[in-house]
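Welcome! Here is a short tour for anyone meeting this structure for the first time. Please have a look at it before reading on.

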Amino acid sequence: MNYQLLFEKYREQNLFGRYITNRHIEPLLETLKEHFEISVIGESVKMKPIYQVKIGSGKTKIYMWSQMHGNESTCTKALFDLFNFLKSDNPLANQLKKECTLLCIPIVNPDGAEAYTRVNTNEVDLNRDSVNLSQPESRLLRKVFDDFQPDFCFNLHDQRTIFAAGFEANPATVSFLAPSYNEACEINEVRLKAINIIVAMYSELKNLIPGQVGQFDDAFNINCIGDRFQSLNVPTILFEAGHFQNDYDREVTRKFIFVSYLSALSCIMNNEFIDDKSIEYFKIPQNNAVFFDFIYKNVKIIVDGVEKITNFAAHYKEVLANGKIEFEAKIVEIGALTGNFGHVEYDFQGELFENQKGKFPQLDQNADFLIGTHNKIVNGLLKK
């Protein structure tokens with residue numbers, strides 16, 4: 001089945017960009033009430049409602065949650081694409097609803113989503129609170145787990161643009177992890193099920209985005225929700241939506257997350273997770289933090305009267321302004337940058353750096369400067 005065509009047909013047009021909050025999803029949830037069971041299951045620290053979407057009536061139970069980090073919204077957008085597909089009469093959608101029951105929390109951390117922060121209002125990372133359960137959002141996430149008793153868990157996140165899939169100049173557009181259940185990172189029957197489902201998703205994606213699917217680090221941390229649920233004997237998969245070339249709004253990436261959802265759900269529904277595919281899993285390239293958003297090569301600078309040639313790099317800082325995310329390029333590293341890549345790279349072949357503060361870049365400065373007489377960099381990009 002062509003999952004990409006399904007995405008184009010069922011994509012939720014009312015969700016776009018990186019800033020997704022309760023305000024954006026509530027009108028959509030209202031329209032879904034005639035198809036699915038929509039409920040408010042709790043509240044955030046600031047008393048914002050936390051919503052749940054229950055779909056299907058099958059015996060296989062799948063628990064999915066997104067935006068426990070408020071500024072990680074790509075998988076939320078793809079959830080609503082999935083909802084649109086599942087409310088259709090497509091044969092696969094009908095089969096999934098017959099064989100499976102999905103319990104989805106689109107935004108676990110509505111306060112963080114509104115403020116566009118990783119943490120909740122109390123500045124707690126909910127993905128490091130699975131043991132202490134100090135926050136209402138963490139307690140709710142765990143209560144739903146205990147009450148629902150899922151057969152599988154999907155833990156939905158975004159990752160930064162810094163990651164490559166392996167050591168080549170390929171962004172990790174989608175990464176997966178079957179979290180460890182113990183310090184030794186061993187594989188038991190539970191973790192193996194998660195591994196096998198990931199291989200099914202990888203088999204679909206590697207033909208669509210070759211070289212751009214990664215494997216997230218599996219170091220064990222019982223405070224992380226995925227490790228915790230895996231240790232409680234429920235196969236759990238971490239989804240990490242990452243960067244696709246020039247796709248800072250993650251509108252292309254959401255398609256590949258949608259494809260991943262359908263690949264995983266089909267694998268589960270058809271019991272295709274039995275055979276041991278751990279060898280294939282560990283061949284998936286590891287995520288490596290080797291990317292910058294911009295690299296500027298072979299730039300002449302003058303420091304204390306001395307000329308030298310150097311490289312430097314910039315990252316976008318995501319800033320919430322007037323209900324939208326703006327990307328502000330800041331200089332973050334100066335030096336050889338050996339082994340690093342830029343999503344955008346410029347080679348200035350010894351031309352002179354200059355900005356309002358001098359003839360050398362400084363960390364945390366805006367990436368607005370001149371190189372030579374004709375090269376003007378504005379917010380990281382070369383303007384000609």
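A residue counts as buried under 20% relative accessible area, exposed over 50%, and partly exposed in between, using a 1.4 Å probe and protein chains only. The model is predicted, so local features need pLDDT of at least 70 and side-chain atom pairs count only at pLDDT 80 or more, while totals for chains, interfaces and linings use all residues. Residues are numbered from 1 along each chain as its sequence is written, and side-chain values use heavy atoms, leaving out hydrogens and water.

**Cores**
- A nonpolar core is a set of buried Ala, Val, Leu, Ile, Met, Phe, Trp, Tyr and Cys residues joined through side-chain atoms within 4.5 Å.
- The largest one here has 70 residues, and those with the most contacts inside it are M64, L82, F85, L102, F154 and Y261.
- Helix α9 (residues 253-269) gives the most to this core, with 11 residues; helices (H or I, at least four residues) and strands (E, at least two) are DSSP runs numbered from the N terminus.
- Beyond its neighbours within four places in sequence, M64 is in contact (heavy atoms within 4.5 Å) with residues including L79, L103, C104, I105 and L156.
- A second, separate core of 22 residues includes Y248, A329, A367 and L382.

**Cysteines**
- With a disulfide taken as a pair of cysteine sulfur atoms within 2.5 Å, the count is zero.
- C75 is in no disulfide, and the nearest cysteine sulfur, that of C104, is 12 Å away; C75 is buried, with a relative accessible area of 0%.
- C224 is in no disulfide either, its nearest cysteine sulfur being that of C185, 12 Å away.
- Is C224 buried or exposed? C224 is buried, at 11% relative accessible area.

**Largest pocket**
- A pocket is an open set of points on a 1 Å grid over the protein atoms alone where a 1.4 Å probe fits, with protein on both sides within 12 Å along at least five of seven lines; lining residues have an atom within 4 Å of a point.
- The largest pocket is lined by 39 residues, and E72, R118, D158, Q159 and R160 lie nearest its centre.
- Strand β12 provides the largest share of that lining, four residues.

**A loop residue**
- N122 is found in the loop between α5 (110-115) and α6 (136-148).
- N122 is partly exposed, with a relative accessible area of 43%.
- Leaving aside neighbours within four places in sequence, N122 is in contact with V45 and Q135.
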